[in-house]
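Please look through the sequence and the model below before reading on. The paragraphs that follow lead from single residues to the sheet and back.

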Amino acid sequence: MKMEKIILMICFILAGTAVHAQLNPFYSATNDKYGYKDGGGKIVVEPRYDLAYPFTEGMAAVRLAGKYGYLNERGKEVVTPKYDFTWHFIGGFATVKLGDKFGFIDKTGKVVTPLIYEEANNYHGNCCYKGMANVKEHGKWRLIKL
């Protein structure tokens, strides 16, 4: 019986740690900016962004001075805001836009598909299109492998 109580206590501690590990965007009216807090309400990322999105696959898009980048789940800026728009991560990749061209990056910020497409859509998480994306090039849509 004593061992069961110890195991139960360890489970509660681990569950509490997991709750506190999740970062959530919050708005600060003081400086009209967004930051991130952990599950316990502690500020992990000071409010400095114009917009802050929820995490998807351990990454969150942020906007600063009209440009988008990404933070990892520890609140570290992995991709400096430089894109004109970004989408959330699906299957380890995200669609990004720079100027009028689209491409894809991985979670390190490395460009895995050059920004040469007229349009692009994430499909990598779909069971039928895993690792694939729909792109528009020369006015025609096609699937590419990422």
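Does Phe85 count as buried, partly exposed or exposed? With a relative accessibility of 31%, Phe85 counts as partly exposed, where buried means under 20% relative accessible area, exposed means over 50%, and partly exposed is in between, for a 1.4 Å probe and protein chains only. The model is predicted, so local features need pLDDT of at least 70 and side-chain atom pairs count only at pLDDT 80 or more, while totals for chains, interfaces and linings use all residues. Residues are numbered from 1 along each chain as its sequence is written, and side-chain values use heavy atoms, with hydrogens and water left out.

The structure holds 6 aromatic pairs, counted when the ring centres of Phe, Tyr or Trp (its six-membered ring) lie within 6.5 Å, with planes under 30 degrees apart called stacked, over 60 edge-to-face and the rest tilted. In one of these pairs, the rings of Tyr36 and Phe55 have centres 5.3 Å apart and planes at 65°, and the pair is therefore edge-to-face. This pair links distant parts of the chain, 19 residues apart, since Tyr36 belongs to strand E2 (residues 33-37) and Phe55 to the loop between strand E4 (51-52) and strand E5 (59-64); strands here are DSSP runs of at least two residues, numbered from the N terminus. Tyr36 is buried at 0% relative accessibility, and Phe55 is buried with a relative accessible area of 16%.

The rings of Phe85 and Trp87 also form an edge-to-face pair, because their centres are 4.7 Å apart and their planes stand at 75°. Trp87 is partly exposed, with a relative accessible area of 30%, and together Tyr68, Phe85, Trp87 and Phe102 form one aromatic cluster.

Turning to the sheet, 4 strands in the order E8-E9-E10-E11 form an open sheet with antiparallel pairing, two strands being paired if DSSP finds at least two bridges between them. Strand E8 (85-86) and strand E11 (111-117) stand at the edges with a single partner strand each, so one side of each has no neighbour in the sheet. Strand E10 (residues 101-106) is joined to E11 by 3 bridges, and Ile105 stands opposite Val111 in E11.

Elsewhere, Ser28 in strand E1 (residues 24-28) is buried at 12% relative accessibility. Leaving aside residues up to four places away in sequence, Ser28 touches Lys33 and Pro47, contact meaning heavy atoms within 4.5 Å.
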